Amino acid sequence: MNVQRVEAGYLPGLASADVQWQTLPFEQDGRRVDVAVPVLTAPQMQVLAQRVQQASARHLKTMTVSEIIDVIDRAIARLLDPNDPYRQQADALLPIISGYDAQMVRLGLTGFFKTFRAPQLHRFVAEDFANPKVLDGFQPAPKGGAVRAHGPQLLVHSWAGNVPALALWSLICGLLVKAGNIGKLPSAEPLFAGWFARLLAEVHPPLADCLAVVWWRGAGDEDAAALYAQADTVVAYGGNDALHAIQQRLPVTTRFLAHGHKLGFGVVSAAALDAQKAPALARRAAWDVMRYDQQGCYSPQVFYVQRGGPVSPRDFAGYLAGELNNLQRRFPRRALDLAESAAVAKWRQAIEWQLPADGANTLIGAPDAAWSVSYTDAAAPLAPTALQRSIVVAGIDTLDDVAPLVAAHSRYLQTAGVAASPEELYRLADQLGAAGVTRISAIGAMSVPEAGWHHDGRFNLLDLVRMTEIEQSAEAAADPYASYEP
């Protein structure tokens with residue numbers, strides 16, 4: 001077997017020989033990659049944190065936001081270049097690490113990277129700050145006086161690895177607010193964050209010590225506690241149990257921004273279900289199901305399809321099944337482990353036991369197929385599927401039926417994909433927003449959020465900063481002391 005060893009992480013100021021390393025093995029299609037991840041002691045964590053904070057104070061915090069965006073844009077341009085060594089490494093190794101189809105990973109990375117080009121990043125900053133210059137210095141406040149935004153001295157990220165390169169999102173947010181950044185690698189995808197840190201250091205060498213990428217197993221021990229103790233802010237992604245374990249380790253004064261499990265769903269109006277529109281819509285819906293096998297927090301679990309159109313909800317389920325079958329030929333589902341296979345089988349079995357004799361409900365897809373479509377003629381409450389390209393299509397009478405069906409999971413709602421007329425869209429958006437939905441997209445775009453989207457309904461950048469205000473009274477009180485005053 002061809003075995004390749006790759007060193008992960010990014011540790012400015014620490015020599016590899018002074019660090020312990022743990023090997024994480026990954027294998028796919030006869031290729032094996034052994035990823036060596038760094039295991040730091042608590043004193044090493046403290047030294048690294050101090051180095052990152054000092055370097056960011058000297059370099060990153062003295063740059064303007066536009067200069068930082070230019071550096072990121074140059075790094076992203078290299079990642080979008082198929083001939084760049086970093087991109088070639090990502091295309092070659094991330095399919096092995098993640099288990100996803102290589103073509104799916106390549107297309108997914110390209111679409112993801114495109115959201116971090118300079119025009120998108122300028123819009124991203126403008127989404128959170130009416131005047132982005134507040135990140136560079138004091139700016140006039142509408143109420144009088146002046147205001148400035150300060151990013152953390154040290155921002156610590158704990159990343160999830162269910163989707164390749166997911167770390168890029170919060171790391172770029174940290175750079176835009178001029179924070180010193182240290183990220184904890186996910187064991188499921190421990191490569192990309194370290195590559196991006198090295199790439200930034202190549203593109204703009206003064207940033208070389210302004211960020212670091214480390215690893216520990218699970219919630220960590222004294223090593224993790226030593227890093228968390230120095231952080232102003234912690235951003236974490238993952239399951240609710242993991243997030244709770246992280247929160248327990250944090251000082252009470254540390255700002256904690258958690259992103260846990262979420263549920264997504266789609267809504268299809270009868271207006272979108274004629275013989276021409278329905279097949280194309282089913283094709284786009286299948287892409288949302290197929291991308292990374294529903295591992296993203298924005299992936300759909302259920303499509304609510306309205307009756308009354310020329311194409312029935314049951315026929316739409318058939319179209320969706322056909323498109324998932326076609327996509328399986330182009331982008332084969334990754335190999336499932338025993339627990340994942342058992343979960344899919346259990347989900348299918350539970351549905352089969354409940355199928356009525358009248359044939360109103362049905363389960364499309366053979367037991368050994370790499371996808372499953374469950375159709376129910378009843379208005380089904382939102383519930384998670386087994387993922388891995390398993391999806392429910394539920395018939396509804398009116399679009400007003402949807403909000404009550406999803407409201408029970410208000411704390412877990414995030415993305416709703418909608419295919420409806422403009423009038424229906426805005427009425428439905430009001431109802432879904434009140435139920436807890438934070439993002440409404442087109443079907444087909446559920447798994448590719450726009451730059452600047454409000455992740456889980458929050459501000460990506462504003463939540464990271466603290467504001468310093470010079471009140472109007474201070475300005476007025478300073479005038480008599482000016483050298484030009486008599």
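Reader: What makes the packing of helix α2 (residues 65-79) and helix α6 (residues 167-176) parallel or antiparallel?

Author: In this predicted model, the two helices pack at an angle of about 150°, with their axes 9 Å apart. Angles run from 0 to 180 degrees between N-to-C directions, along lines fitted to C-alpha atoms, for helices over the stretch in contact. Under 35 degrees counts as roughly parallel, over 145 as roughly antiparallel, 65 to 115 as roughly perpendicular and the rest as oblique. The angle of about 150° therefore makes α2 and α6 roughly antiparallel.

Reader: On what basis are these values given?

Author: The model is predicted, local features need pLDDT of at least 70, side-chain atom pairs count only at pLDDT 80 or more, and totals for chains, interfaces and linings use all residues. Residues are numbered from 1 along each chain as its sequence is written, and side-chain values use heavy atoms, with hydrogens and water left out.

Reader: Which residues of α2 and α6 are in contact, and how do they divide?

Author: With contact taken as heavy atoms within 4.5 Å, V65, I68, I69, I72 and I76 in α2 meet L168, I172, L175 and L176 in α6. Nonpolar covers Ala, Val, Leu, Ile, Met, Phe, Trp, Tyr, Cys and Pro; charged covers Asp, Glu, Lys and Arg; the others, Gly among them, are polar. By that division the contact holds 9 nonpolar, no polar and no charged residues.

Reader: Which residues of the largest nonpolar core touch the most other members?

Author: A nonpolar core is a set of buried Ala, Val, Leu, Ile, Met, Phe, Trp, Tyr and Cys residues joined through side-chain atoms within 4.5 Å. In the largest, of 111 residues, L176, F196 and V373 touch the most other members. Helix α7 (residues 192-203) supplies the largest share of this core, 9 residues. Beyond its neighbours within four places in sequence, L176 is in contact with V65, I68, I69, I72, L121, F124, V125, L135 and L461. Apart from this core lies another of 28 residues, including L363, L405, L413 and V437.

Reader: Why are β1 and β2 called edge strands?

Author: Strands pair if DSSP finds at least two bridges between them. Helices (H or I, at least four residues) and strands (E, at least two) are DSSP runs, numbered from the N terminus. The open sheet of 3 strands has the order β1-β3-β2, with mixed pairing. Because β1 (2-7) and β2 (20-28) each have a single partner strand, one side of each is left without a neighbour in the sheet. Neighbouring strands here are turned by 25° against each other on average, direction ignored. Between β2 and strand β3 (residues 31-39) there are 9 bridges in the antiparallel sense, and L24 stands opposite V35 in β3.

Reader: Is E323 buried or exposed?

Author: E323 lies in helix α11 (residues 313-330). Its relative accessibility is 14%, so E323 counts as buried. Not counting residues up to four places away in sequence, E323 touches P279, A282, R283 and A286.

Terms used:
Buried < 20%, exposed > 50% of the residue type's maximum accessible area, 1.4 Å probe, protein only.
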